[in-house]
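Have the model open as you read.

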Amino acid sequence: MNFSGSYRSEDVSFLLKPLAMQDFVDVPEKEFLIQSGQRHYSEMLSPESLPSERYLAVFREACAANTARMARDCLTLAGLIAQRRSGPVTLVSLARAGTPVGVVLNSLLPKVFGRASTHYSVSIIRDRGIDQVALEHILAQGHAPESIVFIDGWTGKGVISRELSAAIDEFNARRGTAIDGGLYVLSDLAGSAACAASCDDYLIPSSILNATVSGLISRSILNEAIGPGDFHGCVYYQQFEAHDQSQSFADGLVAAALEIAAADGTPDAEAVDREQAGDVSRAYMLAALAQHGISDVNMIKPGIGEATRVLLRRSPRLLILRDADAPDVAHLALLAQEKAIPVIVDSSLPYHAVSLIRSALDG
C-alpha cells in the first residue's frame, strides 16, 4: 500500500509505518528523559498543535518573501542532481524537513531536465541511523543503488549529514552496494552536505511549520511499536487535514520554479564552497560553547531552521538573533514572545538566529 500522507500518491511514498496516536509526553518531561539518558528522543512524541492565526500570518509573509528564492534553489539543486546522476533518479528525502523539497524536485527533474524520477521519504534518527528496512525496500523495487540521491532541507551543525554518511557506509559494506551517502540540501550552513544550492542562512518557508507543511506526518518514531521488519513509525495527523498546507505549498514552489526556468533558463549548476561554510560553523560552535557555558553541542542549534525546531518542539533557554528586525526572523520573535523565551541580539552572529536548549537537569 502506498502511504503518501496528505500529498498526491505520485509525489511521494512515505516508507513509514503509520501508528495509532501515541501517548504523548509533554515537552519538559521529554527533555528530562532525553537529557538524563533515560530515553532516546525517537521513542517519544510531544503533542503538536496548530499554529496561531498570528503565526500563520507570518508563514504567509515568509512564503510571499521567500518562495521565489526557495524555488530557484530547488531548480539549482535539481540541476546539480541531473548533472551528477545518469538515467532515472531515485530521490530519498529525509522525513520531515526533506520531504517538501523532495516533492518539488520530483516534479522539476522530469519537467525541466527530462529525467525520470521516483520519490521516497524515509526516517533517519540521530544515533540510530537511517531506516535500513526502507533502504532494502527501495532496492527491492528495482532502483539502481547508484541512482539514489538523499535529500534534506538544510544543515545546521551537520549531525545528520555525518549520521547518513556513516549509515550508508555500513549498509554498502554489508550489502556490497555503492550507494552515495552524500546529502543534497537547499542550504548547507555546516559545510557537511555533498551538494547544496546555497550556504546562506535564509528563511526556508517550510521550516516554519511542522506536520501541516510535511504531509501531516509526525517526526519519525523508533520505539517498541516498531518490529525488526517494520519501517520506522509516524503518526498521521488526520485531525489537521482542514489546515494542511503541504500540497499547496509544494505546488506553489513548482509553479514558481517552472516560471523562473521559462523566463531565465536554469540557474548555473555549481555547488557552493563547503570548506568556508565548515570553517564558519566550527569556529562559531567552539565560541558558543565557551560563551554560554555549554558542554554538549546538541544544546546549540544554529540557523533559522534549527532555531525554529527548538522553539516549536523543545524547551528553549535562549533565542539569539543577529538583527531582531530582520523579516526572516519575524516568526522566531513571535514564537519567543508567545512562549516567554528570552531574546538577545548579537550583531556578530554568523547566522540569522541560534537557539539554545534549556538544561532539564539543573536544579
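## What counts as a cavity

A cavity here is a set of grid points where a 1.4 Å probe fits but cannot get out. Please keep in mind that this is a predicted model. With that in hand, the structure turns out to hold 2 cavities of 30 Å³ or more.

## The largest cavity

If you sort the lining by class, you will find 17 nonpolar, 10 polar and 11 charged residues.

Which elements build this lining? At least two residues each come from the helices α1 (27-35), α5 (159-175) and α8 (304-313), and also from the strands β5 (124-125), β8 (154-155) and β12 (300-302). Helix α8 gives the largest share, with 5 residues.

## The second largest cavity

The second largest cavity holds about 70 Å³. Of its 13 lining residues, Trp154, Asp201, Tyr202, Ile304 and Gly305 sit closest to the centre. Here, too, α8 provides the largest share of the lining, this time with 3 residues. The lining is made up of 6 nonpolar, 4 polar and 3 charged residues.

Now to the helices. Two packed helices are described by the angle between their axes and the distance between the axes.

For α3 (residues 99-113) and α6 (residues 246-264), the angle is about 30 degrees and the axes lie 9 Å apart. Their crossing is right-handed. On the α3 side, the contact uses Val103, Val104, Ser107, Leu108, Lys111 and Val112, which meet Ala250, Leu253, Val254, Ala257, Leu258 and Ala261 of α6. By class, this contact has 10 nonpolar, 1 polar and 1 charged residues.

## Helices α2 and α9

How are α2 and α9 oriented to each other? Helix α2 (residues 53-84) packs on helix α9 (residues 330-339) at an angle of about 170 degrees, with 9 Å between their axes. Angles over 145 degrees count as roughly antiparallel, so this description applies to α2 and α9.

From α2, the residues in contact are Arg54, Tyr55 and Val58, and α9 answers with Ala330, His331, Leu334, Leu335 and Gln337. Sorted by class, the contact has 5 nonpolar, 2 polar and 1 charged residues.

Key. Residues numbered from 1 in each chain as written. Predicted model: local features only at pLDDT ≥ 70, side-chain atom pairs only at ≥ 80, totals over all residues. Heavy atoms only, no water. 1 Å grid on protein atoms, 1.4 Å probe; cavity = no way out; pocket = protein on both sides within 12 Å on 5 of 7 lines; lining within 4 Å. Points joined across faces, edges and corners; volume = space filled by probe spheres on them. Helix = DSSP H or I, 4+ residues; strand = E, 2+ residues; numbered from the N terminus. Nonpolar A, V, L, I, M, F, W, Y, C, P; charged D, E, K, R; others polar. Axes fitted to C-alpha atoms, helices over the stretch in contact; angles between N-to-C directions. Left-handed = near helix turned anticlockwise from the far one by under 90°. Contact = heavy atoms within 4.5 Å. Parallel < 35°, antiparallel > 145°, perpendicular 65-115°, else oblique.
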